[in-house]
Amino acid sequence: METQRDRVVRTVCGIEDGVSCGILAHVRDGVLVKVEPADFPDGRFRHICARGLCTVKLVYHPDRLRHPLRRVGERGEGRWERISWDEALETIADKFRKIGTSYGYESIAFATGQVATSALMMIYLRLASALQATSVSLAGFGDAAGPCGDLLSYGVVFGEFYTSGMESPRSCVLWGANLAETHPIRWRTIRDARENGAKLVVIDPRFTTTASKADEYISIRPGTDAALALGVMRVIFEKGLEDKDFISRYTVGPFLVRGDDRAFLRERDVIPGGSEKFMVWDTERHSPGLWDDPKVRPALSGVHHIAGIECRTAFQSLRDLADLYPLHRVSEITGVDSGTVERLAELYAGLRPVASYRGWGLQRTFHGDLSYRAVTTLAAVTGNIRLEAHRGFKLNKKAFIKAGEGRFRSMPIMKLYQAVLTGHPYPVKALWAAAHNFMNQNPDNDKILKEILPRLELIVVADMFMNSSAHYADIVLPTCSFFERPDLIPPFEPFNPYLQLQPKVIEPLYESRSDLEIVNGLASRLGLGGHFSRSAEQWIELLLCSGHPSVAGVTLERLRHGPVELPPYEAPLFLTPSGRLEFYCESMRPFGQELPVYREPLEGRKSPLAERYPLSMLSTHTKYRKHSMFANVPWLRRLDPEPVVEMNPSDAEARHISDGDMVSVFNDRGSVKLKARPHEGMRGTVVNIRQGWWHSDYREGTHQALTHSAVNPAQEAAFEPNAALYDTLVEVARAEER
Amino acid sequence: MRVACVEKGVYPEPFVAFLVMPCYHCAKPACISACPADAVTKRQSDGIVVVERERCLGKASCQACLEACPYGAPQFRLEDDAKMEKCDLCLDRLAQGKKPICVEACPMRALDAGPMEELRDRYGGGRVAEGFSWHEGVAPSVIFKGKVDERGSAVRSIELVPRLTC
């Protein structure tokens, strides 16, 4: 019951972007009327974006789902009947039991978004573990390759902190990062640096808003960043400008690598019965020595014969690799001229510290992990790495997720395609999507529609709206917005260092329920209610009792008074197998990727497809949407009214396409119909459709019908395979001509 | 707030500059002398040009201020009887000692506001910006530290952003 007419509640913006801005929600007579930015102890984190300001419009959107729905027509036909929550949950529980009995409970898969940014969404993992079902990891629909690269380099999945987190950089190099548009918080750190005189260089195939603010804009062919980084390294090595001290002390550079099996040389390889310790070449004694022996002066370069094995240092191997990338070759691959490559080398070696920002887009070609690793390696060999431990925080996730003895099986989203299609490693027959719009955001849409959906016996979508995925569901469950339920919002370095409480601000609208409540209701119908009896606040309290120093002394009560910056604690600098920054990764030998080698994009200009489909398609992000969220908000639609394909005017002219013409973008996998928008901000042979539009926003098709679902086995081995959304060849033609 | 986008050049050397077009609170405002209803005044204390909307004759019958202003600052909403409205530098915020909301909100930190002498000390007295022309007749109270196109390429387009139609 409202006791006051007006209330202002501090909460957290629930857009899943890791930024988690604090917001003040103004409530009048129980109705949310506006939001504004809230203060933080460190004022730099006070922020709000256009989307955050529009969250009110999401809450009271006329299209919000009001009650559970059951499909009555064919899938996708759009015919529904209203059912009660009891009936919805009973129907799902029945179907789960049938599928569990016929195929095994692992055939039931939960694809849940927001688990990293809204802690209570992990309740689905608890349900999956209680059922011994499958939890689908969603990093791979665009954001798994960067983490794969960083896990190899630093031992943490998100190592952006190391390359860009330094105080007062003298230059900032943005690799495929349009931060001015997509990441206002991080852009602020660049503004700070710029106001202190730092130089800004932007490398991108598009002349973005960010590029328009740069001192130097470098146009690059998509997916070739690793070749550029290697070319820059070659110039640096040739001039002897590398930071030898940094490489020796903090990287695997001095470790000896065996010529025969390319593994690091261990003491046991040299001395029978020796340890697993890595070996280096001691320049004092001209003999192999232990890497951690303080008396040893390790060599950084060179080839040595030890116990009959030809060995070279990891740094020498890197130099040998970089030698394959002389200026003319780099220019030929990347489209970046030699002078620019040389200037970048001077900057990385001279205008230090250099903050290297690696955009999320950088990882969305087939070998995006190698692009990330190559930029990391360039930063490492020039000593442009922040030398502070990455302090993760640890909530008591295990107790929250684990229900009794049960364990869920984890499956990367890009492997789900195969599991449904082939039954390997096991068949998936039921898919539950929560905060995940798989039909909209996942690649190879026609394959999902024609081959995957028909093999699923049950599709449940829990969402606020009848989005592109709910449209194909059997049961649709109305969820409430983040204003209508409590949650715990973890910090996400380097975006936001605060742990925050997201209290319930208003009562759930219509019959909508929180995901926690939905899971509780289903669990009790499946006889698992005993594992799902706590309230949201009790779960939050449980999550805070991890005993980890990062959350020492943090209680629910403290969080009620405002955001809590987690206390610092001792942590190792790098969490790799060697404890050093690994630009040479033993585990990647089976793929020939122990070093950050350059690999052509899967659908690059050298692909046989390029003859028929000569244009590389990107599908970048905008400030108007967070994935498919906000595409239906009228305020934002006024600013960005409909999807367009951006292209260079010369590419448009060659196809007799003018501004605003209806065109078809197509390849062998599918097509999409929309308006063309030629402009001089696009590199030739590159086209862009800004992602997030719903199927219903396109005249026909969706841009995701053009993208592919090829799985990169190296990424699968290291972390999980990523959707190479920006590695897509297409052709564009005037719509009436196709 | 109206913002114009100025585009020049050809890829990979395009040039983009944004011109902010609020009310420039001119030293000699054309809107004041043009208004038949004396609805527009310039405050003695701080020089902010304000409109008394009750006095304004409205969109259907007048718009003399808009015709007179070389920068198109006076704005009318869609309705026929809409009264003139425009930037007042967030008078309510100034009264609380805060900067106008556009200054606080701009993620590019491209804007500032304050007494002209202070701004001149801080940013110089620039009168040149892409897409802007100085009109001595009204003497706008604005200074620019504008991005300059060193290549001097021809302007391809100046249009208000966001582009509301495709």
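This is a short tour of a predicted model, stop by stop.

Residues are numbered from 1 along each chain as its sequence is written, while chains are lettered from A and ligands numbered from 1 in the order in which they are written. Because the model is predicted, local features need pLDDT of at least 70 and side-chain atom pairs count only at pLDDT 80 or more, while totals for chains, interfaces and linings use all residues.

**Stop 1: the domains of chain A**

Colour chain A by domain. Domain 1 covers 6-59. Domain 2 is 69-138 + 394-480 + 510-550. Domain 3 spans 160-381, and domain 4 spans 608-737. These bounds come from an automatic or database domain assignment.

Now keep domain 3 and domain 4 of chain A. Their C-alpha centres lie 32 Å apart. The contact takes 16 residues from domain 3 and 20 residues from domain 4. Contact here means that the C-beta atoms of two residues, placed from the backbone, lie within 7 Å. On the domain 3 side, α7 (179-182) and α16 (368-381) of chain A are the elements that give two or more residues. Such elements are DSSP runs, numbered from the N terminus: helices are H or I with at least four residues, strands E with at least two. The domain 3 side has 4 nonpolar, 8 polar and 4 charged residues. Ala, Val, Leu, Ile, Met, Phe, Trp, Tyr, Cys and Pro count as nonpolar; Asp, Glu, Lys and Arg as charged; the others, Gly among them, as polar.

**Stop 2: a helix crossing, α10 and α15**

Select residues 225-238 and 338-350 of chain A, which are α10(A) and α15(A). Their axes come within 8 Å and cross at roughly 70°. Axes are lines fitted to C-alpha atoms, for helices over the stretch in contact, with angles from 0 to 180 degrees between N-to-C directions. The two helices are therefore roughly perpendicular to each other. Under 35 degrees counts as roughly parallel, over 145 as roughly antiparallel, 65 to 115 as roughly perpendicular, and the rest as oblique.

The crossing of α10(A) and α15(A) is right-handed. Show the side chains next. From α10(A), the contact uses L228(A), G231(A), V232(A), V235(A) and I236(A). From α15(A), it uses V341(A), E342(A), L344(A), A345(A), Y348(A) and A349(A). By class, the contact has 9 nonpolar, 1 polar and 1 charged residues.

**Stop 3: helix α13**

Select residues 314-322 of chain A. In this helix, α13(A), 8 of the 9 residues are buried. Buried means 20 or more other C-beta atoms within 10 Å of the residue's own, exposed 12 or fewer, and partly exposed in between, with C-beta atoms placed from the backbone. Among the buried residues are F315(A), L318(A) and R319(A). The cover includes α10, α11 (244-250) and β11 (256-258) of chain A.

**Stop 4: helix α21**

Go to residues 515-525 of chain A. Here 8 of the 11 residues of α21(A) are buried, so the helix is largely enclosed by the rest of the structure. D515(A), I518(A) and N520(A) are among the buried ones. They belong to a set that packs against α3 (85-103), α4 (123-131), β18 (430-434), β19 (458-463), β20 (475-478) and α22 (536-544) of chain A.

α3(A) and α21(A) pack at about 55°, with axes 9 Å apart. That makes α3(A) oblique to α21(A). This crossing is right-handed. W85(A), L89(A), E90(A), I92(A) and A93(A) of α3(A) meet G521(A), L522(A) and R525(A) of α21(A). Step just past α21(A): G527(A) takes a positive phi of about 75°.

**Stop 5: two single residues**

Pick Q132(A), in the loop between α4 and β7 (134-137) of chain A. Q132(A) has 17 C-beta neighbours inside 10 Å, so it counts as partly exposed. Leaving out residues up to four places away in sequence, Q132(A) touches Y105(A), E106(A), G406(A), R407(A) and F408(A).

Then pick A399(A), in helix α17 (residues 397-401) of chain A. A399(A) and S546(A) are 147 residues apart in sequence and 8.7 Å apart in space, C-alpha to C-alpha.

**Stop 6: where chain B touches chain A**

Finally, show both chains. The contact takes 13 residues from chain B and 23 residues from chain A. On the chain B side, β1 (2-10) and β2 (13-21) give two or more residues. The largest share, 3 residues, comes from β1(B). The chain B side divides into 10 nonpolar, 1 polar and 2 charged residues.

Methods:
Left-handed = near helix turned anticlockwise from the far one by under 90°.
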